[in-house]
Amino acid sequence: MHYMKQIAKTIDARGLSCPMPIVKLAQAIKEVEIGGVIEVLASDPSFIPDVEAWCRKTEQILLEVIEEMGLIKAYIKRNK
């Protein structure tokens with residue numbers, strides 16, 4: 001979790017349903033420099049497969065997804 005110091009932006013998408021957490025991530029990734037990390041906080045379980053697919057499609061780097069007590073934390077590094 002050495003990337004924690006690199007978090008450039010946190011998106012609080014808790015309470016939002018698909019596709020809104022991904023929409024917010026897609027907007028925010030443009031505001032972060034290449035190499036920057038975005039933390040997304042979400043509560044919708046479908047966010048996990050969605051963020052995995054979005055990162056593959058957009059060629060961003062999914063560093064980690066943590067799920068604990070209904071809270072999902074995803075860490076995405078801007079690659080392009």
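Is Ile29 buried or exposed? Ile29 is buried, with a relative accessible area of 7%; buried means under 20%, exposed over 50% and partly exposed in between, for a 1.4 Å probe and protein chains only. The model is predicted, so local features need pLDDT of at least 70 and side-chain atom pairs count only at pLDDT 80 or more, while totals for chains, interfaces and linings use all residues. Residues are numbered from 1 along each chain as its sequence is written, and side-chain values use heavy atoms, with hydrogens and water left out.

**Helix H1 against helix H2**

- Helix H1 covers residues 20-29 and helix H2 covers residues 47-58. Helices are DSSP runs of H or I with at least four residues, strands are runs of E with at least two, and both are numbered from the N terminus.
- H1 and H2 pack at an angle of about 35°, and their axes are 10 Å apart. Axes are lines fitted to C-alpha atoms, for helices over the stretch in contact, and angles run from 0 to 180 degrees between N-to-C directions.
- The crossing of H1 past H2 is right-handed. That term applies if the near helix is turned clockwise from the far one by less than a right angle, and left-handed applies if anticlockwise.
- From H1, the contact is made by Pro21, Ile22, Leu25, Ala26 and Ile29. From H2, Phe47, Asp50, Val51 and Trp54 take part. Contact means heavy atoms within 4.5 Å.
- Eight residues of this contact are nonpolar, none is polar and one is charged. Ala, Val, Leu, Ile, Met, Phe, Trp, Tyr, Cys and Pro count as nonpolar, Asp, Glu, Lys and Arg as charged, and the others, Gly among them, as polar.

**The buried face of H1**

- Pro21, Ile22, Leu25, Ala28 and Ile29 are the buried residues of H1.
- Seen down the axis of H1, these residues fall within an arc of 125°, so they line one face of the helix. The arc is that of the directions from the helix axis to the C-beta atoms.
- The buried residues of H1 pack against strand S1 (7-13), strand S2 (37-42), H2 and strand S4 (71-77).
- Ala26 also lies in H1. Ala26 is partly exposed, at 24% relative accessible area.

**Ile29 and Gln60**

- Ile29 lies in helix H1. Leaving out residues up to four places away in sequence, Ile29 touches Ile38, Trp54, Gln60, Ile76 and Arg78.
- Ile29 and Ile7 are 22 residues apart in sequence, and their C-alpha atoms are 12 Å apart in space.
- Gln60 sits in the loop between H2 and S3. Gln60 counts as buried, at 11% relative accessibility.
- With the same exclusion of residues up to four places away, Gln60 touches Ile29, Trp54, Cys55, Ile76, Lys77, Arg78, Asn79 and Lys80.
- Gln60 and Ile34 are 26 residues apart in sequence and 9.7 Å apart in space, C-alpha to C-alpha.

**Cysteines**

- The structure holds zero disulfides. A disulfide is a pair of cysteine sulfur atoms within 2.5 Å.
- The closest cysteine sulfur to that of Cys18 is in Cys55, 14 Å away, which is too far for a bond.
- Cys18 is partly exposed, at 44% relative accessibility. Cys55 is buried, at 3% relative accessible area.

**Backbone and loops**

- The peptide bond from Cys18 to Pro19 is cis, with omega near 10°. Pro19 is in the loop between S1 and H1.
- Glu59 has phi near 60°, a positive value in a residue other than glycine. Glu59 belongs to the loop between H2 and strand S3 (61-68). Glu59 is partly exposed, at 43% relative accessibility.
- Met69 has phi near 50°, also a positive value in a residue other than glycine. Met69 is in the loop between S3 and S4. Met69 counts as exposed, at 89% relative accessibility.
- Ser46 is in the loop between S2 and H2. Ser46 is partly exposed, at 27% relative accessibility.
- Ser46 and Thr58 are twelve residues apart along the chain, and their C-alpha atoms are separated by 18 Å.
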